[in-house]
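Please examine the structure shown below together with its sequence.

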Amino acid sequence: MALVSAVPLDSRLCLCRKLFGFCHGLKAIHTTIPNLRKMCSGGRSTTPAMSMSSTTSVCNDDGVPRRIGGHHSNLWDDDSIDSLSTSYEAPSYRERADRLIGEVKDMFNLMSVEDGEPISPLNDLYQRLWMVDSVERLGIDRHFQNEIKSALDHVYSYWSEKGIGRGRESAVTDLNSTALGLRTLRLHGYIVSSHVLDHFKNEKGQFTCSAIQTEGEIRHVLNLFRASLIAFRGEKVMEEAEIFSTMFLKDALQKIPPSGLSQEIEYLLEFGWHTNLPRMETRMYIDVFGEDTTFETPSLIRERLLELAKLEFNIFHSLVKRELQCLSRWWKDYGFPQITFSRHRHVEYYTLAACIANDPKHSAFRLGFAKICHMITVLDDIYDTFGTMEELELLTAAFKRWDPSSIECLPDYMKGVYMAVYDNINEMAREAQKIQGRDTVSYVRKSWEAFIDAYMQEAKWISSRYLPTFKEYLDNGKVSFGSRITTLEPMLTLGFPLPPRMLQEIDFPSKFNDLICAILRLKGDTQCYKADRARGEEASSVSCYMKDHPRLTEEDAVNYINAMVNELTKELNWELLRPDSSVPISYKKPGFDICRVFHYGYKYRDGFSVASVEIKNLVTRTVVETVPL
């Protein structure tokens, strides 16, 4: 490992205070390249943080060999944000939406009337499930939580080991109703066994279908596919259902004409559950909702649901503009635009947060998540690429001191970043205190210290060209990915109290948190390891697994890690939904959804380095564009 300095760190900190005045008053640090002659050691830093590669660049006159990632610039400037529409802020839209909410609640309530029209005992169970599923996929379910619980309680009261039929008086069970019921009830915490699906196999133990693929049968298998994704580890019937339904649906796509049904199938086969972001699905479902003619729901119900979904989508869109303007000001106030060697993805991170938290009152969650993710990205580029070992030692020590005066010891380009982290953690802690009734700064600081230590460990590995074992790497990588700190403070600003005992069942050291951290580190590596290796960052789960198993090819290692992610994901499903947990699913859901956000980002590539393809399209579809009413 490279030596950082002949002067002890504490001595350098003291020397720095003598050399420079305190400058906390200025948030923005308008310096692109660090002035290394102002280092705490009083001299110029010369030890690169990592081995040099073909991306090495010497910056200006400091003479220090530095590497840059060559990332594309920010894609969303102020003009892009200012051009967003706010036309749906008019009170008339909110008033119309509120009237529709009342009407939909009345529709839910009608389902509780025995033999009420259009509900009959031959279709009442499926009707309730369809209503719940529809409001959830249309992104308006937050208005109907009581109605949803009542509807699902009714369905569950008729649930049997063989599933359910379309109605409480149906003579036989029905695959479509049972599959939708299994999925919906499981997601809401009801105890339902996947073995109900065994009753829909033939005598050979296989799922079957008719030779003629009708629209109705295709939709039934589509719900079977959706149910199969909510699988726990060891559920063989769910694996079989997923394999069967995937093959069936791919075959159906070759035979049916382009339509709303084909669009829905393509979407669900592409994104499944763990990369399917709620607002993204809502945008798709708005386009295809109402085309299902296999279930005779009165057109008035469909029209009201669709109109409400469009209004809510667009009303939230108006709020997005204000929040993005606030985020952009923050980004500029701390001098981030001048850090030209780093990625700037604050708008993309905000979009991802908006895709999982579209309740207007959760502004602190959305903005907090976006800010933390952006700061982590900049720190990642500092620790992995740009910073020297001397600078990284100083920055790490500054985070541990947790004092604004620590910036006296830092090169100029680090000062704004440090203050952004310091101020943001304190600001979010004040917001969290309103909900939690206690100061969470100390608790959050410890999570950041662990995160920075993990970054520093990786920098040392890179500098010394040490390739750790797979276990060494993963233990550290679960922390350095940063998923814990991107979840912790934003989650504490949501509207539910998390006492310390309950928080520890979601946060570190819970299995729930450990699984999320492992999944994201492993999944991220499968998309990033080649680019990282080209920049001189050799350590990844792929390379470390190959070190432990020298006879394996790179493809073997990637396949193993993907299989590992698949199994860990099923374990995470269980930790989210397990019925014996003392923590409500709704409390764990934000952490789970943040896992889905990052999982989506790594679906095709490292979408946080190359944000000009799928992520850009996501921003356009869910944040930039409204839907026509």
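In this predicted model, the largest nonpolar core comprises 193 residues. Those with the most contacts inside this core are Leu305, Phe336, Leu379, Ile382, Tyr383, Tyr418 and Trp448. Helix H11, which spans residues 299-333, supplies the largest share of the core, namely 15 residues.

Ile382, one of the residues with the most contacts inside the core, may be considered individually. When residues up to four places away in sequence are not counted, Ile382 touches Phe341, Gly387, Leu392, Leu395, Tyr413, Met414 and Val417.

Of its 629 residues, 58% count as buried. The chain contains 24 helices and two strands. Among contacts between residues at least 6 apart in sequence, 75% join residues that are at least 24 apart.

The axes of helix H8 (residues 236-253) and helix H9 (residues 260-271) come within 10 Å and cross at roughly 140°. An angle over 145 degrees would count as roughly antiparallel, and one of 65 to 115 as roughly perpendicular; H8 and H9 are therefore oblique to each other. The crossing in which H8 passes H9 is left-handed. On the side of H8, the contact is made by Thr246, Leu249, Lys250 and Leu253, and on the side of H9 by Ser262, Ile265, Glu266 and Leu269. The residues of this contact comprise four nonpolar, two polar and two charged.

Two loop residues remain to be considered. Ser540 lies in the loop between helix H20 (511-534) and helix H21 (541-548). Is Ser540 buried or exposed? Its relative accessibility is 3%, and the limit for a buried residue is under 20%, so Ser540 counts as buried. Neighbours within four places in sequence aside, Ser540 is in contact with Tyr473, Asp525 and Tyr529.

Gly189 is located in the loop between helix H6 (175-187) and helix H7 (215-228). Because its relative accessible area is 28%, which falls between the limits of 20% and 50%, Gly189 is partly exposed. How far apart are Gly189 and Ser581 in sequence and in space? They are 392 residues apart in sequence, while the C-alpha to C-alpha separation in space is 9.9 Å.

Methods:
Residues numbered from 1 in each chain as written. Predicted model: local features only at pLDDT ≥ 70, side-chain atom pairs only at ≥ 80, totals over all residues. Heavy atoms only, no water. Axes fitted to C-alpha atoms, helices over the stretch in contact; angles between N-to-C directions. Helix = DSSP H or I, 4+ residues; strand = E, 2+ residues; numbered from the N terminus. Parallel < 35°, antiparallel > 145°, perpendicular 65-115°, else oblique. Left-handed = near helix turned anticlockwise from the far one by under 90°. Contact = heavy atoms within 4.5 Å. Nonpolar A, V, L, I, M, F, W, Y, C, P; charged D, E, K, R; others polar. Core = buried A, V, L, I, M, F, W, Y, C linked by side-chain atoms within 4.5 Å. Buried < 20%, exposed > 50% of the residue type's maximum accessible area, 1.4 Å probe, protein only.
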